[in-house]
Amino acid sequence: MAVRSTSSMAEFRAVVQPPGLLDRNSGEHWAGRLYVRRYSPYLTRALSDTPVTPNAVTWAMIAVGVLAGLALTIPGLAGAVAAVVLIQLQILFDCADGELARWRGQRSVTGVYLDRIGHYLTETALPIGLGIRADGGWDQMGTYTTLGLLIAVLVLLVKGESALVTVARTEAGLPLVRDTAAVAAPRASLLARIRRAAGRAPFFRAFIAIEATLLALAAAVADALHGGLSVTRALVWVLVPVAALTAAGHLLAILTSDRLR
């Protein structure tokens, strides 16, 4: 591990953000590449001389994500703005935990597991919070809360479909496979063309935390301008078939690719 007092920020950044981390195919969110990774090393460096562990930062990421879902249930613009801010903080923590682990050489399976749990909890809490918001709050939960729960289940299904690829390969005695574009591509040419078309209109990103909160904020602004909750409720109705289509399409994509071969 380098010593903070003798390491410049450039040297520190070279360790915590190794080559390839910000590549388009690395799985890094666009917000990370665009701006969060520019500032996260400053938080990571501040934490590097403290007893805070990488897993503790991951726990903070989990808590902030769940709070974002709760914030969406607050009526008016305040709740939607709070959710957006909290998710921005979450992605900062999500960057910092891995950076701190790389700096200290403390990578762990537990950290990877907690990171996955954090994203699962956040991306299911947000549609539930949106549904409660569309119903008018905790004391008026009804149809839209139910729809939010349905969306959350479908989001979990999509995530489970991905996770079960590793489970299936392990139980079949097959080695792990990197989820590259070549491996993920459908073997049938028609399905490959459909997948490329879907990539140009990535509606499935509506369930990723940053995009989800930005959509909720846009709906909240429209509701504030027009009065009522009609736009937020319309958003919930739109997300139900989109979530169902995403779950079905993702399953088909896995079954027709080389991920299970």
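## Getting oriented

The chain has ten helices and zero strands. Please keep in mind that this is a predicted model.

**Exercise 1.** Describe the overall make-up of the chain: its pattern along the sequence, and the percentage of its residues that count as buried.

*Solution.* 
- Step 1: Going along the sequence, the pattern reads α-α-α-α-α-α-α-α-α-α.
- Step 2: The chain has 261 residues, and 43% of them count as buried.
- Step 3: Now turn to contacts between residues at least 6 apart in sequence; 79% of these join residues at least 24 apart.

**Exercise 2.** Work out where in the chain confidence is lowest and where it is highest.

*Solution.* 
- Step 1: Start with the average, which is a pLDDT of 85 for the chain, with 85% of the residues scoring at least 70.
- Step 2: Confidence is lowest in helix 7 (residues 181-184), where the mean is 54, and highest in helix 3, at 96.
- Step 3: Check residues 1-5 too: their pLDDT is below 50, and this stretch makes nine contacts in the model beyond near neighbours in sequence.
- Step 4: Where pLDDT is low, the predicted coordinates should not be read in detail.

## Helix 1 and its partners

**Exercise 3.** Find how helix 1 and helix 4 are oriented to each other, and list the residues through which they meet.

*Solution.* 
- Step 1: Two packed helices are described by the angle and the distance between their axes.
- Step 2: For helix 1 (residues 9-16) and helix 4 (residues 76-104), the axes come within 8 Å and cross at roughly 100°.
- Step 3: An angle of 65 to 115 degrees counts as roughly perpendicular, so helix 1 and helix 4 are roughly perpendicular to each other.
- Step 4: On the helix 1 side, Phe 12, Val 15 and Val 16 take part, and they meet Glu 99, Arg 102 and Trp 103 of helix 4.
- Step 5: Sorted by class, this contact of helix 1 with helix 4 has four nonpolar, no polar and two charged residues.

**Exercise 4.** Repeat the analysis for helix 1 and helix 2, and then look at Thr 44 in helix 2.

*Solution.* 
- Step 1: The axes of helix 1 and helix 2 come within 10 Å, crossing at roughly 100°.
- Step 2: Helix 1 is therefore roughly perpendicular to helix 2.
- Step 3: Met 9, Phe 12, Arg 13 and Val 16 of helix 1 meet residues of helix 2, including Arg 37, Pro 41, Tyr 42 and Thr 44.
- Step 4: The residues in the contact of helix 1 with helix 2 divide into five nonpolar, two polar and four charged.
- Step 5: Thr 44 has a relative accessibility of 0%, so it counts as buried.
- Step 6: Not counting residues up to four places away in sequence, Thr 44 touches Phe 12, Val 16, Ala 96, Glu 99 and Leu 100.

## The core and its surroundings

**Exercise 5.** Identify which residues of the largest nonpolar core touch the most other members, and which helix supplies the largest share.

*Solution.* 
- Step 1: The largest nonpolar core holds 40 residues, and those touching the most other members are Leu 126, Leu 130, Ile 151, Phe 207, Val 236 and Leu 239.
- Step 2: Several helices each supply at least two residues of this core, among them helix 5 (109-135), helix 6 (143-171) and helix 10 (230-255).
- Step 3: The largest share of this core comes from helix 4, with eight residues.
- Step 4: Take Leu 126 as a case: leaving aside its neighbours within four places in sequence, Leu 126 is in contact with Ala 68, Gly 69, Leu 72, Ile 87, Ala 209, Ala 212 and Thr 213.

**Exercise 6.** Decide whether Thr 73, Gly 79 and Leu 67 are buried, partly exposed or exposed.

*Solution.* 
- Step 1: The cut-off for buried is under 20% relative accessible area, and over 50% counts as exposed.
- Step 2: Thr 73 sits in the loop between helix 3 and helix 4. Its relative accessible area is 7%, so Thr 73 is buried.
- Step 3: Beyond its neighbours within four places in sequence, Thr 73 contacts Gly 129, Ile 132, Arg 133, Gly 137 and Trp 138.
- Step 4: Gly 79 belongs to helix 4. With a relative accessible area of 0%, Gly 79 is buried.
- Step 5: Gly 79 and Leu 217 are 138 residues apart in sequence, yet 8.7 Å apart in space, C-alpha to C-alpha.
- Step 6: Leu 67 lies in helix 3. At 44% relative accessibility, Leu 67 counts as partly exposed.

Key. Residues numbered from 1 in each chain as written. Predicted model: local features only at pLDDT ≥ 70, side-chain atom pairs only at ≥ 80, totals over all residues. Heavy atoms only, no water. Axes fitted to C-alpha atoms, helices over the stretch in contact; angles between N-to-C directions. Helix = DSSP H or I, 4+ residues; strand = E, 2+ residues; numbered from the N terminus. Parallel < 35°, antiparallel > 145°, perpendicular 65-115°, else oblique. Contact = heavy atoms within 4.5 Å. Nonpolar A, V, L, I, M, F, W, Y, C, P; charged D, E, K, R; others polar. Core = buried A, V, L, I, M, F, W, Y, C linked by side-chain atoms within 4.5 Å. Buried < 20%, exposed > 50% of the residue type's maximum accessible area, 1.4 Å probe, protein only. pLDDT = per-residue confidence, 0-100.
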